[in-house]
Amino acid sequence: MAKAPKILLLNGPNLNMLGTRQPEVYGSATLADIEAMCHAHARGLGLALDFRQSNSEGEIVGWVQAAHGKNAGIVINPGAYSHTSVAILDALLAVEATIIEVHLSNIHRREAFRHHSYVSQAAHGVICGFGATGYLMALDGLARLIGGTKKDEKKV
Ligand code: CA2
């Protein structure tokens, strides 16, 4: 049987606070809820998922660097670092993996400073505004781009 492609799913600063405040912006699911949804969905797609969160830019850079040669894909919600971090962009540009950027909120309907994401320059696809479902959409998109181990899904 073919080995499940390894996917690294990274969450940036403050996303550990999901479900506690601002549900009107970010929804009511906690990060643990999203993690459970993602694991179940990844399993169905034949992907092996490693789900992480950090409030530290350096730690995220280190995780991206370590993904080189190991992970077929990266899904990343960089949080506020989307709008500030050339360091995360550079790390993503240097890694050989298919990258999907995801945001819970529609960053283009929000404050002007959220409209630009440095990370988008390294992303093969960007999903925003679908809440927690966006994470599942990101995994679907990745599976289509890199191929999971489940061959029975009909591709339209
Ligand atoms: O919409 C997204 O997913 C964001 O990446 C979330 C970031 C924000 O800085 C980006 O512009 C868009 C913020 C995540 C903070 O999440 C919290 C959730 C509950 C309570 C406090 C923070």
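**Exercise 1. Place Ala138 in the fold.**
Task: In this predicted model, find which helix holds Ala138.

Solution: 
- Step 1. Look for the element that covers position 138. Helix H5 covers residues 133-146, and Ala138 belongs to this helix.
- Step 2. Set the helix in context. The protein has five helices and five strands. Read from the N terminus, their order is β-α-α-β-α-β-α-β-β-α.

**Exercise 2. Judge the exposure of Ala138.**
Task: Decide whether Ala138 is buried or exposed.

Solution: 
- Step 1. Take the cut-off: buried means under 20% relative accessible area.
- Step 2. Apply the cut-off. Ala138 has 1% relative accessibility, so Ala138 counts as buried.
- Step 3. Turn to the whole chain. Buried residues account for 46% of the 156 residues.

**Exercise 3. Find the partners of Ala138.**
Task: Name the residues in contact with Ala138, leaving aside neighbours within four places in sequence.

Solution: 
- Step 1. Contact means heavy atoms within 4.5 Å.
- Step 2. The partners are Val75, Ile100, Val102 and Ile127.
- Step 3. Now take Val64, 74 residues from Ala138 along the chain. The two C-alpha atoms are 17 Å apart.
- Step 4. Consider contacts across the protein between residues at least 6 apart in sequence. Of these, 77% join residues at least 24 apart.

Note on methods
Residues numbered from 1 in each chain as written. Predicted model: local features only at pLDDT ≥ 70, side-chain atom pairs only at ≥ 80, totals over all residues. Heavy atoms only, no water. Helix = DSSP H or I, 4+ residues; strand = E, 2+ residues; numbered from the N terminus. Buried < 20%, exposed > 50% of the residue type's maximum accessible area, 1.4 Å probe, protein only.
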